[in-house]
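Please look over the sequence and the structure before reading on.

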Amino acid sequence: MEQIPSSLPVLPIRNAVIFPSISMPLVVGRGRSIKAVEAAEAKESLIVVVAQKVLTPSDPQVEDLFQVGTLCKLENVSTTETGSRQIVVTGISRYRVLRFELEAESYLSARGETVVDVHSGDSIKNEALFYNLKELSREILELLPGSTEHLVKLIDRVEDASYLSNVCAAYLNLSLFQKQELLETVQVEQRIEALLAHMRKEREVLNVQRDIRDKMSERLNKAQREALLREQLRTIRSELGEEAGEEAADEIEEKIRQADLPEEAAKQAHEELQRLRGLPSNSAEYHVVRTYLEWLAVLPWNRRTEGQIDVARARQVLDRDHYGLENVKKRIIQFLAVAKLKNNLHGPILCLVGPPGVGKTSLGQSVAQALERKFLRTSLGGVRDEAEIRGHRRTYVGAMPGRIIQSIKRAGSKNPVLMLDEIDKLRADFHGDPSAAMLEVLDPEQNKTFTDHYLDIPFDLSEVFFICTANVVDTIPPALRDRMELIEVNGYTFFEKLHIARKYLVPTLLRDHGLKVDWIDLPDETLNRIIHHHTREAGVRELQRKISALFRAAAEEVVAYQQGHPDAPAMPVIRLTANRVPELLGPDRYFPEAAERGLKPGVAIGLAWTPHGGDILFVEASAMPQGKGSLLLTGQLGDIMKESAQIALSIARTAAAPREGAFDFPSHDLHIHVPSGAIPKDGPSAGVTILAALTSLLLGRPVKSGLAMTGEITLRGAVMPVGGIKEKALAAHRAGLQTLILPRKNQQDLTDVPAEVRDQLKFVFVETVEEVLAESLDVRLPRSVSAA
């Protein structure tokens, strides 16, 4: 000790403490540490090894090191291929650092003093502590797995208490700070007492581990063993960097416990949770199982939104949010009244059918608000894969539940109002038929046990209030249509649109555009012009866009005035008169031109039903001389409409045959065209219109002005009833027509036509084509035709 230099190189080490008399291999890779080893080789191979307080990857600072370390001797030094040093050091004595120094900016050195172990004066107590330490050491060695007899014999031969305490402290499973505390304890007996406390705890742990290995559970109950196993597993995974996975499993287990799963779902969750605990957190299967369990935990298996079926309040909400639509409101109120009497909403699925923009989606929102339930909307338009409804099986990468279960998750309640929008747009392809999957969803007898492919366990959908929407019914499969109760939501009349714009659209759009009510003057004449000349729709979406365009222009004027007159006391009123509509929205797009076009021979006005509501339909006929008596049809006409044209031609030829100087059909080609050729057209209701156009052409007499017609004709000259009377009447009213010719059997359908429209139109009901031509052309057919 007298030959120890006053300044020694310092080797900082991480997560380890070296004790005197103990040899330890080390790998030295940091720059300063390598230089310290090289310096030690030049100074009698002596070096001070000091533990770091903080596990920094770079060279530590002086404040990061403990003040007490170990004076060691370099036993072996070798250089690896990477340039690091592999060394073996043996502890000589404890070393107290008085001052750290940085030698030439290359390595740390220390000035200090060696520390000698101190014994107390009570030799009897010292001897007793020493033998207790030896006995406890033997017991621990015997509890360790494997052969430890040679170590026990080595312990028996040890007679130095200081040496034995250093050996036990070096190899006992203790934390860094616990070992450093033992290193800094100079009093041997105090060190032994501290070691005995740690070793007794270690002995208990080893006893439990031996019991687990031998499958003996007499001394520990199941809960204690599981806790110990979990602690061991957590320690192992922590060493492997997988501790987060175990914590995640515990967190998911708690969520599943709180989710109150049904018996079958709870059993499935328990099995999957056990699988999760046995999987490494970095494996692909781990993430699949974890995602599945998170879905099980988050679904509202038994969570409901508490609400009451208040029919009076529902009526109030529907009237507040929607103008008109009396038949629709009445049907919804009746449905809710039955549900209140039954005390549940199980029953037919409502399907709102109508053109775009008439308020189908907002009706569903109002129903949810009236029932005090959560509202969700999912669009089925363009869905072609059955898995979009039922979900994907978990064997597929990126599998997820279907849209129904996803919507339930977003709602957070098992009894929301779920709107299935555009159900008529479902399409089948090689992936399957999604409409077939919807059969189980919308069947009250089956959806109690709806099984999503991803969950693979039943989920109860019987408490969900499903409302579907569609533009047309024809594309809905019959089996699916049979499970729904259809409620028609028809287009709005001019007066309804005016009222909706004034009461709903204008206040909302003013607020959305940051305008104040007293800044804008929007008279009804302006709205009238927009409705008639800038929109032609069954709903009010285009009307809303046009009013928004007006308000954007008004907002521009407001900003320009405020910037030009910053000191103005008030904003002058901006008058959006009807004369300013062309300036702000562009030229008028639609005109009431039906009367003008009807003045020419060979032109007749028909009425058509479309998914967007009703529309007027012009039928034009032309005769070409030097022909062969053929009939040319253009305008993308369907097969049924072509057959109607053939029937109309046959009736016209039959009517012309007895007349003197009648039209020479064999020497002329006839051409019938229905404008808007880019739009496909079909159906039998244009039969009377085609006949009127042909007859007008052959006689050179125009159809009466302001008159339109609809109806199917037969070869016998009868006029058959058609559908869509309300939409067709609304279209005629929008186009400015005055008279409608309808089949007599459609007279009962006028009850669906709003009263203000009925009052402004003249309806003529007919049963034969003779009555049609007499009303439209003042022509009477021969008796042989009408009686044919």
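## Strand S12 and its surroundings

Met 419 has Ile 467 in S12 as its bridge partner. The model is predicted, so local features need pLDDT of at least 70 and side-chain atom pairs count only at pLDDT 80 or more, while totals for chains, interfaces and linings use all residues. Residues are numbered from 1 along each chain as its sequence is written, and side-chain values use heavy atoms, with hydrogens and water left out.

Strands (E, at least two residues) and helices (H or I, at least four) are DSSP runs numbered from the N terminus. Two strands pair if DSSP finds at least two bridges between them.

| Strand | Sense with S12 | Bridges |
|---|---|---|
| S7 (residues 349–353) | parallel | 4 bridges |
| S9 (residues 417–421) | parallel | 4 bridges |

Ile 467 is also the bridge partner of Leu 350. In S12 (residues 465–470), 6 of the 6 residues are buried, so the strand is largely enclosed by the rest of the structure. Buried means under 20% relative accessible area (1.4 Å probe, protein chains only). Phe 465, Ile 467 and Thr 469 lie on one side, and Phe 466, Cys 468 and Ala 470 on the other.

A nonpolar core is a set of buried Ala, Val, Leu, Ile, Met, Phe, Trp, Tyr and Cys residues joined through side-chain atoms within 4.5 Å. The largest one has 56 residues, of which Phe 465, Ile 520, Ile 547 and Phe 551 touch the most other members. Helix H18 (residues 494–512) gives the most to this core, 9 residues.

Key
Buried < 20%, exposed > 50% of the residue type's maximum accessible area, 1.4 Å probe, protein only.
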